[in-house]
Amino acid sequence: MSMVLLPTTVVGSYSVPEWLERLKTEYYQRRISAQHLAEIHEVAIKAAVKDQELAGIDIVSDGELRRDNDVDYFLARLPGVHIPQRAKTDYFDYYEAEVTRPLPELPDSAKTSPGLDLAADFRFTRQLTDRPVKFSFTGPFSLSRRIRDGAYEQPGDLVRALARRLNAEARELAAAGADFLQIDEPFLAGYPEQVELAVEAVNTVVDGVPATWALHVCYGNRYARPSWEGHYDFLFPAVQAARVDQIVLEFARKGLDDLRLIRQHGWDRWLGFGVIDVKTPQVEPADLVASRIRRALEYVPADRLMINPDCGLRHLAPEVARQKLRAMVAGVATVRAELADQQPREGGLA
């Protein structure tokens with residue numbers, strides 16, 4: 001994927017406007033139909049993509065606006081996952097999900113969709129924009145944290161089964177033209193002792209899928225609050241074994257101290273660098289964004305640094321999200337200009 005220097009992107013989710021929140025809840029209270037909600041989602045996604053384009057984002061997403069949260073959209077569609085009660089008081093609530101027998105395996109020769117049909121979601125977004133599209137989905141470890149497991153003797157076996165399913169989805173996404181895929185593991189920070197299992201599952205998901213792969217690990221973003229606190233030490237050195245091209249980490253809220261880990265462990269792939277705090281409505285000045293990027297460049301070469309918010313923008317008001325993205329783009333523009341000035345002039349002294 002050819003990109004400009006210091007490409008800008010989003011982590012995944014975009015601001016959920018109040019009208020969409022209300023209509024999603026109306027659906028769960030059975031006041032509007034699934035078809036009506038699907039049409040509403042398409043309108044919201046079009047607006048989210050346009051907002052990102054107008055802000056100057058280089059690599060856009062669909063805003064994950066079909067998804068109520070980071071889990072339910074997937075579990076509700078996975079064969080073998082049982083959800084006893086699908087009515088919810090609020091759209092953002094989690095379902096209570098369970099597996100009582102091992103998930104059905106897909107034969108290698110399967111011609112039918114593996115179940116989630118994420119490729120259709122990607123195709124819809126792809127036709128809305130000429131810009132590169134990043135498509136993200138929740139990883140197998142985090143999905144397993146919201147399932148009551150009554151099927152597997154070994155706890156890790158549910159994670160591995162979910163990973164095989166997601167690998168089938170990823171293969172369909174790649175066949176549909178998705179070339180930048182991201183696995184989100186928002187629950188991993190709460191279970192640092194299981195990082196090796198999560199990395200094993202990530203490698204199952206990406207196996208045989210020709211795409212640029214990112215892995216996003218944060219400290220949770222439920223109702224704009226972190227679920228855990230700490231440092232990214234737990235990721236290393238285990239994450240070095242992940243067959244991904246990029247790790248996407250939050251730094252704006254937590255501070256920049258964990259940049260030391262990139263140097264300490266010799267991370268030589270891309271870093272998705274979080275410069276926007278999504279847990280506050282205060283909009284960062286562009287010069288603060290630029291200063292954070294300059295600090296990151298002390299640890300990561302410019303040609304391996306991607307700029308993004310800490311996490312998804314779901315819980316920010318639409319105008320705040322737009323302002324934060326514009327500030328991020330402006331800060332990047334400042335640093336790009338500084339880097340260009342540092343290049344030797346043609347015909348000048350090297």
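These notebook entries record what I looked up in a predicted model of one chain.

**Conventions.** I number residues from 1 along each chain as its sequence is written, and side-chain values use heavy atoms, with hydrogens and water left out. As the model is predicted, local features need pLDDT of at least 70 and side-chain atom pairs count only at pLDDT 80 or more, while totals for chains, interfaces and linings use all residues.

**Entry 1: the whole chain.** I counted 10 helices and eight strands; these are DSSP runs numbered from the N terminus, helices being H or I of at least four residues and strands E of at least two. The radius of gyration, taken over C-alpha atoms, is 20 Å. The globule rule (2.2 Å times the number of residues to the power 0.38) gives 20 Å for 350 residues, so the chain is as compact as a globular protein of that length. I noted a span of about 70 × 40 × 40 Å for the C-alpha trace along its principal axes. Buried residues (under 20% relative accessible area, 1.4 Å probe, protein chains only) make up 54% of the 350. I then looked at contacts, meaning heavy atoms within 4.5 Å. Among those with a separation of 6 or more, 77% are between residues 24 or more positions apart.

**Entry 2: A214.** I located A214 in strand β5, residues 212-217. A214 counts as buried because its relative accessibility is 0%. Leaving aside neighbours within four places in sequence, I found A214 in contact with F180, L181, Q182, I183, Q246 and V248. I also checked D310, 96 residues from A214 along the chain; the two C-alpha atoms are separated by 14 Å.

**Entry 3: K254.** I placed K254 in the loop between β6 (246-249) and α8 (259-264). Its side chain makes a polar contact of 3.0 Å with that of D258; the term requires a pair of N or O atoms within 3.5 Å, one able to donate a hydrogen and the other to accept it within protein, and residues adjacent in sequence count only if both atoms are side-chain atoms. Not counting residues up to four places away in sequence, K254 touches Y219, G230, H231 and Y232.

**Entry 4: α2 and α10.** I examined helix α2 (residues 34-55) and helix α10 (residues 318-342), whose axes come within 9 Å and cross at roughly 35°. Axes are lines fitted to C-alpha atoms over the stretch in contact, with angles from 0 to 180 degrees between N-to-C directions. The crossing is right-handed, that is, the near helix is turned clockwise from the far one by less than a right angle. I listed D51, Q52 and A55 of α2 as meeting R322, L325, R326 and V329 of α10.

Key. Buried means under 20% relative accessible area, exposed over 50%, partly exposed in between (1.4 Å probe, protein chains only).
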